[in-house]
Amino acid sequence: AAGTGTAAEPATPVPEAPAPPVEAATAPEPAASAPAPQAAAFAPAGMDAASADANGSPPGASPGPAGGDGAGGTGTAPAGTPTAGATVPLQLPGSVKLDFDATGQQGMQPMSGVFGELSWLQDGERYNARLALKVLFRTIRAQTSEGRIGPQGIAPDRFSDRRRSEVATHFVRDTGEIVFSSANSRVPLQPGAQDRLSVLMQLTALVGGDPARYTAGRTISLQVAGPRDADLWTFRVEGDETVATPSGEHPARRLVRLPRREYDQKIEVWLAPDLGWLPVRIRQTEANGDFADLQLRSAERLK
């Protein structure tokens, strides 16, 4: 039911959550007339290789722009409890399922009849996250992220993105690399690195761990990997506002990813304190004006 799903309380431990095979959870591909291209606005192709910030320091390990924290690489809070001595406290949400209504525009074609479902499972040691976009009973796009909960919060092991076929990204910590199966390439793995799905929950954990730290004007910088490459993403805290969603009105803190190049996405995330700082709205806008806007319809805490 709407208004539930808060992450303020740790979830009842669930069995270790290995990523379910995407093939088993994904319906047959839609016919050519189905709006599969509309989903691309929510999860487009990746960007350039990972790079250092303006000071030459590795992403996630250095101060961000003016007022920034560089908080991507420090602190942890497995199972919702901050770790003693952590440089930056984190509070991860308990297991939860969020349902979204999706609207948007892809060229001249509006997005309609699309729904999003974000499931997050964690047992204090491992996590599994899955975001699916659906039309009727068909999954037209699915992203999964699985990995560990460690000294820097969420530590992905594998990220996959499936539409007509699946592409995967592997975080190989033994060699300190991110390996992209689709591009047969690799880049250095930076401290606090995330993928395009886990970054949403890491932002929730950071802001939830110390809301007073992340006020208007502060920034969070993280290395973020997609299906084919990785880059430094910097989110700026824009401030607090009330956002209206299908689940009702929520006070929320708005964070915006700052594009570094003219073709970068603009990503806006609204994190709601009444739901344990979980995202109640996610909006992605392309350089050409195409956009996808996910707004919370309901939240359900999972046992």
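Here is a briefing on the chain, from the overall picture down to single residues.

This is a predicted model, in which local features need pLDDT of at least 70, side-chain atom pairs count only at pLDDT 80 or more, and totals for chains, interfaces and linings use all residues. Residues are numbered from 1 along each chain as its sequence is written, and side-chain values use heavy atoms, with hydrogens and water left out.

**Confidence**

- The average pLDDT (the predictor's confidence in each residue, from 0 to 100) is 76 for the chain, and 71% of the residues score at least 70.
- Residues 1–68 stay under 50 in pLDDT, and the model gives them 181 contacts beyond four places in sequence; a contact means heavy atoms within 4.5 Å.
- Another stretch, residues 70–86, also has pLDDT below 50, with 59 contacts in the model beyond near neighbours in sequence.

**The chain as a whole**

- The chain contains three helices and 15 strands; helices (H or I, at least four residues) and strands (E, at least two) are DSSP runs, numbered from the N terminus.
- Of the 303 residues in the chain, 56% are buried, where buried means under 20% relative accessible area, exposed over 50%, and partly exposed in between (1.4 Å probe, protein chains only).
- Looking at contacts between residues at least 6 apart in sequence, 55% join residues at least 24 apart.

**Around strand β4**

- Strand β4 (residues 138–150) is mostly covered, with 11 of its 13 residues buried.
- Strand β3 (residues 126–135) runs antiparallel to β4, paired over 10 bridges; two strands pair if DSSP finds at least two bridges between them.
- Within that pairing, T144 in β4 has R130 opposite.
- Two residues separate β3 and β4 in their hairpin, and L136 in the turn has a positive phi of about 55°.
- On to strand β5 (residues 153–162): β4 pairs with β5 in the antiparallel sense over nine bridges, and G147 stands opposite P156 in β5.
- The hairpin of β4 and β5 also has two residues between the strands.

**Around strand β14**

- Seven of the eight residues in strand β14 (residues 278–285) are buried.
- Strand β13 (residues 266–272) is joined to β14 by seven bridges, and the two run antiparallel.
- Five residues lie between the strands in the β13 and β14 hairpin, where G276 takes a positive phi near 70°.
- Strand β15 (residues 291–301) pairs with β14 over five bridges, again antiparallel.
- The hairpin of β14 and β15 has five residues between the strands, and G289 in its turn shows a positive phi of about 100°.
- R281 of β14 is the bridge partner of W270, and R281 also stands opposite Q295 in β15.

**Rings and charges**

- The charged end of R281 sits over the ring of W270, 4.4 Å from its centre; this requires NZ of Lys or CZ of Arg within 6 Å of the ring centre and within 35 degrees of the ring normal.
- R283 lies over the face of F291, at 4.2 Å from the ring centre.
- There are two aromatic pairs in the structure.
- W120 and Y127 are stacked because their ring centres are 5.3 Å apart and their planes are at 25°; rings of Phe, Tyr and Trp (its six-membered ring) pair if their centres lie within 6.5 Å, with planes under 30 degrees apart counted as stacked, over 60 as edge-to-face and the rest as tilted.
- W120 counts as buried at 0% relative accessibility, and Y127 is buried with a relative accessible area of 0%.
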